[in-house]
Amino acid sequence: MKEENVKTVLMNPNIASVQTNELGSKQADSVYFLPVTPHFVSEVIRTERPDGILLSMGGQTALNCGVELYQSGVLQRFGVQVLGTPVESIMATEDRQLFSDRLTEIGEKIAPSIAVDTVRRSMG
């Protein structure tokens, strides 16, 4: 993003990963060393007022946090657009049954499966 002259805000709870990165502090205009949680991300959004957010750059933690921010209305309230993979797609891939249903809808062949929530159901 910085290469494209886009003002960039980075949240990373791991100071060492920023310090040891070849680009170091040049990788973003602002760097917040905070946990990637809905609370802290909401605070950074409130402070920085970004136009967009990338959820796919922070692993499972960022994906889960982004889904929570989307579902709670924080992103909409502050007019933050999700860049890259849409939240609906993230949610569909996180829910095994929903993912299976989506693949079936588009005619994709998949192995038969069922979602279970107990060990007993998985055996039966």
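Is serine 42 buried or exposed, and what is its relative accessible area? Serine 42 is buried, with a relative accessible area of 9%; buried means under 20% relative accessible area, exposed over 50% and partly exposed in between, using a 1.4 Å probe and protein chains only. The legends below describe a predicted model, in which local features need pLDDT of at least 70 and side-chain atom pairs count only at pLDDT 80 or more, while totals for chains, interfaces and linings use all residues. Residues are numbered from 1 along each chain as its sequence is written, and side-chain values use heavy atoms, with hydrogens and water left out.

**Figure 1. Overview of the chain.** The secondary structure comes to seven helices and four strands. Helices (H or I, at least four residues) and strands (E, at least two) are DSSP runs numbered from the N terminus. Along the sequence, these elements follow the pattern β-α-β-α-β-α-α-β-α-α-α. Of the 124 residues, 25% count as buried. The chain exposes about 9000 Å², of which carbon and sulfur atoms supply 52%; accessible areas come from the Shrake-Rupley method with a 1.4 Å probe, and for residues only the protein chains shown count as cover. Among contacts (heavy atoms within 4.5 Å) between residues at least 6 apart in sequence, 44% join residues at least 24 apart.

**Figure 2. The largest nonpolar core.** This core has 17 residues, and those with the most contacts inside it are Val41, Ile45, Ile53, Leu55, Leu69 and Leu75. Two or more residues each come from helix H2 (38-48), helix H3 (59-72), helix H4 (74-77) and helix H5 (87-94). H3 gives the most, with four residues. A nonpolar core is a set of buried Ala, Val, Leu, Ile, Met, Phe, Trp, Tyr and Cys residues joined through side-chain atoms within 4.5 Å. With neighbours within four places in sequence left aside, isoleucine 53 is in contact with Val41, Leu75, Val80, Gln81, Val82 and Leu83.

**Figure 3. Serine 42 in helix H2.** Serine 42 lies in helix H2. Residues up to four places away in sequence not being counted, serine 42 touches Leu69 and Val74.

**Figure 4. Serine 30 and glutamate 48.** Serine 30 belongs to strand S2 (residues 30-32), whereas glutamate 48 is found in helix H2. Not counting residues up to four places away in sequence, serine 30 touches Thr8, Val9, Leu10 and Glu48. Glutamate 48 is buried, with a relative accessible area of 17%. Its contacts, leaving aside neighbours within four places in sequence, are Lys7, Val9, Ser30 and Tyr32. Glutamate 48 and threonine 8 are 40 residues apart in sequence and 9.9 Å apart in space, C-alpha to C-alpha.

**Figure 5. Arginine 49 in a loop.** Arginine 49 is placed in the loop between H2 and strand S3 (52-54). Its phi is near 50 degrees, a positive value in a residue other than glycine.

**Figure 6. The crossing of H5 and H6.** The axes of H5 and helix H6 (residues 96-105) come within 5 Å and cross at roughly 110 degrees, which makes H5 roughly perpendicular to H6. Axes are lines fitted to C-alpha atoms, for helices over the stretch in contact, and angles run from 0 to 180 degrees between N-to-C directions. Angles of 65 to 115 degrees count as roughly perpendicular, under 35 as roughly parallel, over 145 as roughly antiparallel and the rest as oblique. Met91, Ala92, Thr93 and Glu94 in H5 meet Arg96, Leu98, Phe99 and Arg102 in H6.
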